[in-house]
Amino acid sequence: PVPPAGVPGMPPLPGVPLGMPLGLPPGMGFPSGIGLPGMPGGLPGMPPAVPIPPSVNASLPPTMIPTAFPGASTSSSLASSSSASAPPAAPSPCILLKNLFDPAEETEPDFDDDIKEDVCEECNKYGRIIHVYVEKNSAGYVYMMFDGSDGATRSLEALNRRWFAKRMITVQYVPEEEYKAKFGL
């Protein structure tokens with residue numbers, strides 16, 4: 001290993017000017033209260049990390065919000081939909097579950113019936129389901145409509161980011177008008 005620049009009797013690192021501090025740039029230290037044993041707040045000479053302001057968090061998708069920092073929030077809209085429109089801000093009775101299966105791994109021609117049965121069995125705990133559609137040639141999409149937004153919300157809260165058959169499920173609201181138009185309801 002090559003010693004850092006500025007160590008007496010040792011040559012400098014190639015491409016690193018003498019006297020250049022090694023380490024993280026300003027603002028990239030450990031958050032306050034997190035550090036190495038005996039070094040509360042981070043490394044000596046390093047400023048603590050600056051918390052991300054709530055205004056920045058609001059513009060990030062929930063998967064990119066660092067929840068360990070003060071002011072972090074996951075109250076922004078859920079995962080982006082595949083269409084150009086953003087998910088509705090208000091709950092909807094319709095949801096889309098993603099990543100429930102991989103069609104390339106399915107061997108039975110009517111595998112969608114088994115998935116539909118499993119999903120209905122699980123989601124009936126959260127509300128009365130009035131429509132389910134398994135999109136066989138998709139990234140594991142299952143569309144569901146409940147008789148009200150309460151059932152959809154409870155399902156979303158229970159299933160989003162949950163593991164099923166070694167796959168992490170994501171769930172998002174679908175605007176009721178779009179859902180009805182898609183399925184002719």
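**View 1. The exposed face of helix α2.** Helix α2 (residues 111-123) of this predicted model carries the exposed residues E117 and E121 on the face turned away from its buried side. Exposed denotes over 50% relative accessible area, buried under 20%, and partly exposed the range in between (1.4 Å probe, protein chains only). Helices (H or I, at least four residues) and strands (E, at least two) are DSSP runs, numbered from the N terminus.

**View 2. The buried face of helix α2.** F111, D112, I115, V119, C120, E122 and C123 are the buried residues of α2. Viewed down the helix axis, these residues fall within an arc of 165°, so they line one face of α2; the arc is that of the directions from the helix axis to the C-beta atoms. An α-helix has 3.6 residues a turn, so residues three or four places apart point the same way. The cover over the buried residues of α2 includes β2 (129-134), β3 and α3 (149-159), where contact means heavy atoms within 4.5 Å.

View 3. The whole structure contains 0 disulfides, a disulfide being a pair of cysteine sulfur atoms within 2.5 Å. C123 takes part in none, and the nearest cysteine sulfur, that of C120, lies 7.5 Å away. C123 counts as buried, at 0% relative accessibility. C94 is likewise buried, with a relative accessible area of 0%.

View 4. In strand β1 (residues 94-98), 5 of 5 residues are buried. C94, L96 and K98 point one way from the strand, whereas I95 and L97 point the other way. In a regular strand the side chains alternate between the two faces of the sheet. Strand β1 runs antiparallel to β3 (residues 142-146), to which 4 bridges join it, and M145 is the bridge partner of C94 in β3. Strand β1 also pairs with β6 (residues 170-174) in the antiparallel sense, over 5 bridges; two strands pair if DSSP finds at least two bridges between them.

View 5. K98 of β1 stands opposite T170 in β6. The side chain of K98 is joined to that of Q172 by a polar contact of 3.3 Å. Such a contact is a pair of N or O atoms within 3.5 Å; within protein, one must be able to donate a hydrogen and the other to accept it, and residues adjacent in sequence count only if both atoms are side-chain atoms. Q172, in strand β6, is buried at 2% relative accessibility.

**Notes to all views.** Residues are numbered from 1 along each chain as its sequence is written, and side-chain values use heavy atoms, leaving out hydrogens and water. In this predicted model, local features need pLDDT of at least 70 and side-chain atom pairs count only at pLDDT 80 or more, while totals for chains, interfaces and linings use all residues.

How values were computed. Expected span 1.5 Å × (residues − 1).
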